[in-house]
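Please read the points below with the sequence and the fold side by side. They take up a helix, a sheet and the charged pairs in turn.

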Amino acid sequence: MIEILASPDHVVALKLSGTLSGEDYDKIVAELEARLDRHERIGVLVDLVGFKDFTFEAGAKDLQYGLRNLW
């Protein structure tokens, strides 16, 4: 599960708990991309205290996103 926390517009603050799904991952990317559209650089803060795992779908999406933004 993901919770987007209140933060200044140039900072993405997230709280992850339980198991991160592919849908959760899509929300993270959407939040990051929206803020990057408004700011050249952003900060990211992630609270992982209750985080346990992520699904295969979330892992695959992360790999795809990382490779797409490598170049």
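**Notes on the fold and its charged pairs**

1. K27 has a relative accessible area of 42% and therefore counts as partly exposed, where buried means under 20% relative accessible area, exposed over 50% and partly exposed in between, computed with a 1.4 Å probe on protein chains only. The salt-bridge partner of K27 is E23, with the closest N and O atoms 3.9 Å apart; a salt bridge here is a side-chain nitrogen of Lys or Arg within 4 Å of a carboxyl oxygen of Asp or Glu. E23 and K27 both sit in helix α1, four residues apart, or about one turn of the helix, and E23 counts as exposed because its relative accessibility is 53%.

2. On the basis of these values, please note that the model is predicted, that local features need pLDDT of at least 70, and that side-chain atom pairs count only at pLDDT 80 or more, whereas totals for chains, interfaces and linings use all residues. Residues are numbered from 1 along each chain as its sequence is written, and side-chain values use heavy atoms, with hydrogens and water left out.

3. The sheet is open and has three strands in the order β1-β2-β3, with mixed pairing; helices (H or I, at least four residues) and strands (E, at least two) are DSSP runs numbered from the N terminus, and two strands pair if DSSP finds at least two bridges between them. The edge strands are β1 (2-5) and β3, each of which pairs on one side only. From one strand to the next the twist averages 10 degrees, with axes taken as lines fitted to C-alpha atoms, for helices over the stretch in contact, and angles running from 0 to 180 degrees between N-to-C directions.

4. Strands β1 and β2 run antiparallel and are joined by four bridges, and they form a hairpin with five residues between them. Within this pairing, L5 stands opposite A13 in β2.

5. Strand β2 (residues 11-20) and β3 run parallel and are joined by nine bridges. The chain passes from β2 through α1 to β3 in a right-handed β-α-β crossover, meaning that, with the strands pointing away from the viewer, the path from the first strand over the helix to the second runs clockwise. Helix α1 (residues 22-38) lies across β1, β2 and β3 and runs at about 175 degrees to β2, contact being defined as heavy atoms within 4.5 Å.

6. Which residues does D53 touch, leaving aside those up to four places away in sequence? They are G18, T19 and L20. D53 belongs to strand β3 (residues 43-54) and counts as partly exposed because its relative accessibility is 42%.

7. Five salt bridges are found in a search of the whole structure. One of them joins R38 to D9, with the closest N and O atoms 2.7 Å apart, and this pair links distant parts of the chain, R38 being in helix α1 and D9 in the loop between β1 and β2, 29 residues apart. R38 is partly exposed because its relative accessibility is 48%, and D9 is partly exposed because its relative accessible area is 35%.

8. R35 also forms a salt bridge, with E31, the closest N and O atoms being 2.8 Å apart, and both R35 and E31 are buried. Elsewhere, salt bridges that share partners join D26, E57 and K61 into one network.
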